[in-house]
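Please read it alongside the sequence and the coordinates.

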Amino acid sequence: MTPAVTFNAVSFAYPDQARTALEAIDWGIAEGEFTLLAGPSGGGKSTLLRCINGLVPHFSGGRFGGRVMVFGQDTTTYPPRAMARTVGFVFQDPEAQFVTQRVDDEIAFGMEQLGVPVPTMRKRVEEVLDIVGLAALREREIATLSGGERQRVAVAAALALQPKVLVLDEPTSQLDPWGAEEVLTALGRLNDDLGLTIVLAEHRLDRVVAFVDRMRLLGDGGMVAAEGTPRDVLPLMHRMAVPPVAQVGLGRGWSPLPLSVKDGRAAVRRDEAAGVLIPPAPLDAGMPALAPVVRASGLSAAHGGRTVLHQVDFEVRPGELVALMGRNGSGKTTLLRSLNGLHRVQQGRVEVLGRDVATTHPAELAQVIGYVPQNPTQMLFAETVDAELAFTLSHRAGGRDPMEVLALLGLAEAGGRHPRDLSGGERERVALAAILVGGPRVLLLDEPTRGMDAEAKQRLVALLRHLQAEGVAIVMATHDVELVATCASRVVLLGDGRVVADGGPRATLSGSMTFATQVNKLYGGGYLVPEDVL
Amino acid sequence: MRTAPIDPRAWFIWAIALALPPLVGRNPFPVVTCAVVAGAVALGYRGSGSGWGTVVRLAGWLAAVGVVFNVLTVHAGDWVITTLPDWLPLIGGPLTWNAALFGLVSGIALMTVVLIGVTLTRVLDWVAVMRMLPDRFAGLAAVGAIAWTLVPQTGRALTEIREAQVARGYQPRGVRDAGPLVVPLLAGGLERATVLGEALEARAFGSSATADATRRREGFLLLLAVTVGVVAAYAVMLRAVVLAAVLLAIASILTWLALRTPSDGIGRTRYRRIAWDRRATVIAGASAVALVGELVVLVTSPGAFAWEPYPSMVIPVANLLVLGCIALLLAPLAVQP
């Protein structure tokens with residue numbers, strides 16, 4: 001097959017960095033292939049993607065060696081703006097890449113820059129709107145769209161220039177499961193129907209492996225640690241990084257290895273026909289018989305003039321890990337912020353360790369309740385990680401040993417480094433460390449696994465279990481059902497600002513059409529995680 | 001489906017006419033009238049543009065600080081409130097109502113200009129502005145549009161950062177404690193700017209750019225035109241009408257010379273242009289009448305805009321023509337959807 005992209009002895013180091021981000025990369029991507037780049041954060045995935053349209057080195061600067069050829073064009077010769085006709089690029093955060101306010105304006109923006117004639121432009125706008133399924137939204141303001149719709153606008157804007165290669169850098173990391181599904185379905189259609197070459201970097205393999213033809217597992221410096229079809233590569237990866245359905249397949253020796261729930265169901269049927277038994281489903285653990293440390297009663301709250309929480313009753317006990325789940329806009333973040341006094345409630349009462357939140361200043365509440373927002377890196381300001389933790393301690397009567405906290409989070413070596421010099425995942429852990437060092441008895445986490453790789457997620461799970469064992473009450477708003485199934489002791493489902501379900505994870509997630517885990521979709525009953533059936 | 005935007009040119013004329021009185025003088029009558037008109041229109045078009053609340057509050061805070069600063073440091077005027085001991089540096093001396101009132105009017109003038117800016121943010125279609133400008137100014141317009149959207153974004157980011165730090169137990173007590181708020185704000189802003197820069201490059205932005213030599217020549221001529229224009233505006237304020245007319249003619253010729261060279265980059269195309277409709281005619285018409293009226297009064301009777309409460313308090317002049325002109329600037333409310 002003709003190569004669409006070839007890397008010839010590519011090496012690269014960012015300006016003022018001694019360490020190389022890419023080291024002697026020598027491989028290619030065939031035309032019409034849907035390629036997935038997987039691997040830990042900091043492995044060079046984003047840098048590699050930016051080489052394909054010349055952002056590296058034209059925009060980034062730095063020391064670049066070797067050659068990247070894209071359909072015969074050398075990216076060191078052509079700047080990214082010239083490569084825009086050949087390579088479409090979609091970034092992680094859809095909001096950060098928009099220039100205009102309206103869907104069709106955004107799609108037309110790139111074509112206007114390239115002087116595409118108006119009639120052609122109109123035709124292409126209509127075509128790409130149909131391709132990504134946004135025709136009905138062409139005149140909508142982008143700010144009013146959901147995350148999945150916004151990312152599809154970004155894909156459409158890239159497609160409008162009729163690129164031969166579409167490059168996407170973690171396009172679903174900021175999206176809920178429904179938004180991610182919308183985007184990936186659109187990408188699958190583009191690859192199947194139009195033969196578009198697609199290169200995608202992603203951590204959430206459970207979402208993407210069923211769509212891709214080829215997978216490259218990257219190690220340090222962008223070196224390929226494993227390469228092949230997902231069925232070839234997944235068995236070589238760390239268990240935690242493998243999608244649950246594939247973990248079950250590997251454990252049970254299924255061949256071919258299932259990549260989707262649909263594949264897995266066929267294998268389960270074969271097992272059932274062969275009389276293969278699975279262990280009985282475990283039961284939810286009972287709630288601890290302790291007095292609640294957080295108690296909200298009749299809680300109503302508004303946001304932007306709209307009531308987003310209606311008469312919510314909610315309790316959390318020491319050592320519990322409560323997962324708040326629900327669609328975007330269901331009130332999860334508002335509930336979290338109401339618990340620590342950052343959001344003023346309209347009605348009802350919230351008590352944390354006996355303190356009335358309405359009459360206690362959030363800074364005083366911070367002595368007992370820690371809050372890690374969706375974008376925790378925005379709280380970092382100090383020169384070193386150690387200073388960041390010392391700052392929290394300077395506002396506390398007590399607290400934990402900073403060295404112990406850093407070790408728990410895998411940051412023992414990072415104490416003397418500047419937080420902004422660390423990778424995105426490491427910075428998020430520094431922010432978490434800055435909260436944990438204060439020794440909160442209640443911890444509120446808002447989407448803590450957004451953009452996290454498998455290793456970081458595993459470390460987070462271990463940390464949460466450690467804190468639970470110490471009696472810390474944890475409330476976590478998340479869309480990550482697999483994480484919830486792994487570590488939550490209770491799940492509260494919110495729908496339109498109301499509690500629609502509250503119970504153990506097996507009771508709440510099992511059989512749910514939207515919140516069931518992959519394993520539960522395969523086996524039903526109370527099975528949630530691969531360990532339940534292996 | 002959203003209402004079609006109004007032609008940006010109409011809004012620009014409206015903004016210039018409304019900003020002129022508070023910028024050229026401190027007469028409380030036109031300044032307060034402008035503030036009322038700006039507030040009414042800002043409220044009338046408050047549908048979008050969230051995030052500006054912080055900016056308005058900040059402007060209000062600065063205006064209040066301005067009043068206090070004026071009272072404490074300007075020891076002129078005949079209506080004395082009280083007298084602080086002379087040995088107090090800077091603030092020692094008589095504190096006067098004259099200074100308080102002048103500071104208050106200055107604060108209202110500042111708030112008026114901010115409200116005009118907020119209204120423009122809410123109503124202007126910056127993409128339409130970008131499309132309206134010649135290719136050589138596309139970069140400038142894009143930078144303006146992005147900078148304009150960054151203001152409310154920065155406001156929202158500041159709120160989020162402040163909340164995150166408060167939830168960490170932090171309670172700022174003064175300017176010296178601003179580090180935990182300012183550093184993440186600046187770092188986050190730079191990171192956002194980098195991503196946006198990458199996105200613009202990746203989407204062919206700048207393909208219509210002209211060669212460096214042409215751009216330098218254009219830049220020089222335009223800078224010269226702006227300088228001559230500023231001198232012309234000063235001549236208008238001095239009522240040297242003939243000199244002002246000559247200078248404006250020179251500025252116009254320089255601008256024409258700068259723009260007549262065709263761009264040597266890729267010619268941009270426009271996906272859509274905003275149609276000039278009845279609403280634009282109403283706003284531009286009323287605003288043009290108001291602007292002409294204000295300029296005529298500015299040349300013939302500058303006292304209508306000025307007020308000097310030092311050394312003695314005087315009652316400001318109320319010029320009904322000026323107030324009538326400003327009232328015309330409520331026109332956007334008449335065509336509001």
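Chain B contains 12 helices and 2 strands, where helices (H or I, at least four residues) and strands (E, at least two) are DSSP runs, numbered from the N terminus. Read from the N terminus, the order of elements in chain B is α-α-α-β-β-α-α-α-α-α-α-α-α-α. This is a predicted model, in which local features need pLDDT of at least 70 and side-chain atom pairs count only at pLDDT 80 or more, whereas totals for chains, interfaces and linings use all residues. Residues are numbered from 1 along each chain as its sequence is written, chains are lettered from A and ligands numbered from 1 in the order in which they are written, and side-chain values use heavy atoms, with hydrogens and water left out.

The C-alpha trace of chain B spans about 70 × 60 × 45 Å along its principal axes. Of the 337 residues in chain B, 45% are buried, a term that means under 20% relative accessible area, with exposed being over 50% and partly exposed in between (1.4 Å probe, protein chains only). The accessible surface of chain B is about 16,500 Å², and 73% of that belongs to carbon and sulfur atoms; such areas come from the Shrake-Rupley method with a 1.4 Å probe, and for residues only the protein chains shown count as cover. Contact means heavy atoms within 4.5 Å, and among contacts in chain B between residues at least 6 apart in sequence, 75% join residues at least 24 apart.

Helix 1 (residues 8-24) of chain B packs against helix 4 (residues 97-123) of chain B at an angle of about 170°, the two axes lying 9 Å apart. Axes are lines fitted to C-alpha atoms, for helices over the stretch in contact, and angles run from 0 to 180 degrees between N-to-C directions. The pair is therefore roughly antiparallel, as angles over 145 degrees are classed, while those under 35 count as roughly parallel, 65 to 115 as roughly perpendicular and the rest as oblique. Helix 1 of chain B contributes residues including Trp11(B), Trp14(B) and Leu18(B), which meet a set in helix 4 of chain B that includes Val113(B), Ile116(B) and Leu120(B).

Ala10(B) also belongs to helix 1 of chain B. Its contacts, not counting residues up to four places away in sequence, are Trp276(B), Ala280(B), Ile283(B) and Ala284(B). Ala10(B) and Ile283(B) are separated by 273 residues in sequence but by 5.9 Å in space, C-alpha to C-alpha.

| Residue | Relative accessible area | Class |
|---|---|---|
| Ala10(B) | 0% | buried |
| Cys325(B) | 5% | buried |
| Cys487(A) | 6% | buried |
| Asp356(A) | 18% | buried |

With a disulfide taken as a pair of cysteine sulfur atoms within 2.5 Å, the count over all chains is 0. For Cys325(B), the closest cysteine sulfur is that of Cys34(B), 10 Å away and too far for a bond.

In chain A, Asp356(A) lies in strand 15 (residues 355-356). Asp356(A) touches Arg349(A), Val350(A) and Glu351(A), residues up to four places away in sequence not being counted. Helix 1 (residues 45-52) of chain A is mostly covered, with 7 of its 8 residues buried, among them Leu48(A), Leu49(A) and Ile52(A). Just after helix 1 of chain A, Gly54(A) adopts a positive phi of about 85°.
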